Amino acid sequence: MEEILDIVDEEDKFVRKATRKEVREKALMYRVSRVIIVNSKGEFLVQKRSMSKDIYPGYWDIGVAGTVSSGESYVGTAIRELMEELGVTGISNIQLMHSFLFKIKYSSAADNAHCKVYRLVYNGKIIPQEEEIDEIKLMSAKEIKVLMQKEKFHPVGKIVFEKYLGLTK
């Protein structure tokens with residue numbers, strides 16, 4: 001069964017439901033949750049997206065990101081993605097709600113999304129989901145800036161990371 005997403009307007013208000021395929025084909029506005037993951041040493045988790053991804057395959061990205069399914073919350077999606085993509089369990093809704101950083105709207109010819117960004121300090125075990133992730137690294141902010149210049153990096157991940165660094169100065 002194909003995934004159903006909520007289509008939203010410029011203010012992130014529900015408009016209607018659509019399949020993921022229709023969202024991609026028509027570049028409809030939808031919702032995404034992102035979690036910036038940092039350990040106690042100040043290193044950030046970056047991942048190389050699988051070549052099988054329907055958008056930005058093979059691109060590096062910061063933390064985890066997931067499309068919010070119809071009827072799902074931003075926080076619920078963030079928790080689901082942490083578990084599915086990295087095997088991270090035991091994170092509560094309250095813990096993530098208190099770690100909310102900011103919300104952005106990203107618009108391009110191919111991809112339009114409202115994106116809520118959370119931060120998780122995590123030092124535990126990571127088990128990457130092979131279908132979603134080709135590689136994982138822990139890197140300093142300086143190393144990630146170099147990576148962004150040398151490699152393909154998810155455009156929203158880039159915006160989110162730069163905004164995050166601006167907040168922590």
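Predicted model: local features only at pLDDT ≥ 70, side-chain atom pairs only at ≥ 80, totals over all residues.
**Stop 1**

Now show side chains on α4, residues 141-150. Which residues of α4 are buried? They are I144, L147 and M148. These three lie on the same side of α4, because they cover an arc of only 100° around the axis. In general, an α-helix has 3.6 residues a turn, so residues three or four places apart point the same way.

Turn to the face of α4 that looks away from its buried side. Select K142, Q149 and K150 there; they are exposed.

**Stop 2: D6 in strand β1**

Move to strand β1, residues 4-8, and pick D6. Is D6 buried or exposed? Its relative accessibility is 9%, so D6 counts as buried.

The side chain of D6 makes a polar contact with the side chain of S70, at 2.6 Å. The D6 side chain also reaches the backbone nitrogen of G71, at 3.2 Å.

Setting aside neighbours within four places in sequence, D6 is in contact with F14, R16, K17, M29, Y30, R31, S70 and G71.

**Stop 3: the cavity**

How many cavities of 30 Å³ or more does the whole structure hold? A search finds one. The largest cavity has a volume of about 40 Å³.

Select Q47, R49, K53, A65, E85 and E132 to see the lining of the largest cavity. This lining has four charged residues, one polar and one nonpolar.

Note on methods:
Residues numbered from 1 in each chain as written. Heavy atoms only, no water. Buried < 20%, exposed > 50% of the residue type's maximum accessible area, 1.4 Å probe, protein only. Helix = DSSP H or I, 4+ residues; strand = E, 2+ residues; numbered from the N terminus. Arc of directions from axis to C-beta. Polar contact = N/O pair within 3.5 Å; in protein donor to acceptor, adjacent residues only side chain to side chain. Contact = heavy atoms within 4.5 Å. 1 Å grid on protein atoms, 1.4 Å probe; cavity = no way out; pocket = protein on both sides within 12 Å on 5 of 7 lines; lining within 4 Å. Points joined across faces, edges and corners; volume = space filled by probe spheres on them. Nonpolar A, V, L, I, M, F, W, Y, C, P; charged D, E, K, R; others polar.
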